[in-house]
Amino acid sequence: MAAVKPADVLTATAAAVLFVRPSLLPPLAGHGFKLPWHRDRGNSRRHKSRGKRNGLVGAVGNTPLIRINSLSDAMGILGKAEFLNPGGSVERPGGAESERNGFKHANLTTKAFFFASEPFGLFCRRCWPWISILALDSGGLMPGGVVTEGSAGSTAISLATIAPAYGCRCHVVIPDDVAIEKSQIIEALGATVERVRPVSITHKDHYVNVARRRALEATNRAAIPREADKIKGIDLLQMNGHAPKQTEGHPCSADNKGGFFADQFENLANFRAHYEWTGPEIWEQTQGKLHAFVAAAGTGGTIAGISQFIKEKNPNIKCFLIDPPGSGLFNKVTRGVMYTKEEAEGRRLKNPFDTITEGIGINRLTKNFMMAELDGAYRGTDREAVEMSRFLLKKDGLFLGSSSAMNCVGAVRLARSLGPGHTIVTILCDSGMRHLSKFCNAQYLADHGLTPTATGLEFLDRS
């Protein structure tokens, strides 16, 4: 495929989804350092893909692009194995490139966890290192502080994995209907977990809103003794010789150094991590010879960053969304309307999602998703995701989670639409190891009428 000069103007998307070129985003001027996600477009990283890595954060990225043999006899489907990242998902901690670009662990006073004006930045897919790196010197976060996040699991696991590398703690707020092993993994990594009931984002107790509130509470609590020291030289938390009994590491514990809300849905460091890193990796690994990209969206950062980058490299590359049941993004991309007035979040009495998939699908437009450049969308089903995961395990030995399986459903749909001789790339974002109690549990599937029965890909012929 011939190289094409990057587009200089905004292009219309199928869903009229608003996006902004990274070059149009407000720069972080005057700070005298390179952003951790900045890369020299003229310098290929392929020669750096092997050898020693500097610590856990340095191991983020450079994940392999796998030919999915059982899907590729006539279609050419490649999967970017993001589940092989430290933390086990596509969420890339926002600071993987910190030391290579002049950041040192001891000098984390350089706005390292995200944009100085934006929250943390380690969004489970590659973003966490980025997130973790852009916040420390701005005062938004400091070593000993607590990073909080509302997550369905994957981002939280990546954040809990990476945060200690920056001398920080992690507090995660997670819906209580996600696979229990995700909470167990997060706790085993040393983070604290707060499980809440699933409610609309407009509700004050939605997991994202609770996480935001916990960060503010931690910051306010940390400020009490500091202000007391300044004014009276007295630690108000130790008055009358009594210290509050709180769990060590809790965001509001007496020994915390303030809170910082990562905000993976709205923090554009999420998008930037994939625009500056995952997208270029895919381009280099395929040598620019790809015809289409497809993925589901949760925060929207992955599909937005990758789609915008490869569209700039070649506007003829098709970028599609695959959307699970209960999500409104399919309607937004194909019809320009996310939902009816009756379906709008805030009018629902309970959780709007009715799907076995976790971490993908949403009923609101995030800042990250609005950066996406999409040509169309497909609607996937729970049965298709389950059947695809079992098909790939049997045929390819790939033990994938619900998000990865849904992405592969989208890849086959898109490949069939384009016809033979095309190369399609998707994201293998999660392993089945995080889905043992639900998506990979035979009894759970039977209880919900989802027991897999297909012997091939015939389940895709029914839709």
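How many aromatic pairs does a search of the whole structure find? The search turns up three, where rings of Phe, Tyr and Trp (its six-membered ring) pair if their centres lie within 6.5 Å. Keep in mind that this is a predicted model: local features need pLDDT of at least 70, and side-chain atom pairs count only at pLDDT 80 or more, while totals for chains, interfaces and linings use all residues. Residues are numbered from 1 along each chain as its sequence is written, and side-chain values use heavy atoms, with hydrogens and water left out.

**Aromatic rings**
- Tyr275 and Phe309 pair up edge-to-face, at 5.9 Å centre to centre with 80 degrees between the planes (planes over 60 degrees apart count as edge-to-face, under 30 as stacked and the rest as tilted).
- That pair links distant parts of the chain, 34 residues apart: Tyr275 is in helix 5 (residues 269-285) and Phe309 in helix 6 (residues 301-313).
- Helices here are DSSP runs of H or I with at least four residues, strands are runs of E with at least two, and both are numbered from the N terminus.
- Tyr275 is buried at 6% relative accessible area, and Phe309 is buried at 3% (buried means under 20%, with a 1.4 Å probe and protein chains only).
- Ring pairs also tie Phe271 into a cluster with Tyr275 and Phe309.

**Helix 3**
- Glu181, Lys182, Ser183 and Ile186 are the buried residues of helix 3 (residues 180-188).
- Those buried residues pack against helix 2 (154-162), strand 5 (169-175) and strand 6 (192-196), with contact meaning heavy atoms within 4.5 Å.
- After helix 3 comes Gly190, with a positive phi near 100 degrees.

How values were computed
Buried < 20%, exposed > 50% of the residue type's maximum accessible area, 1.4 Å probe, protein only.
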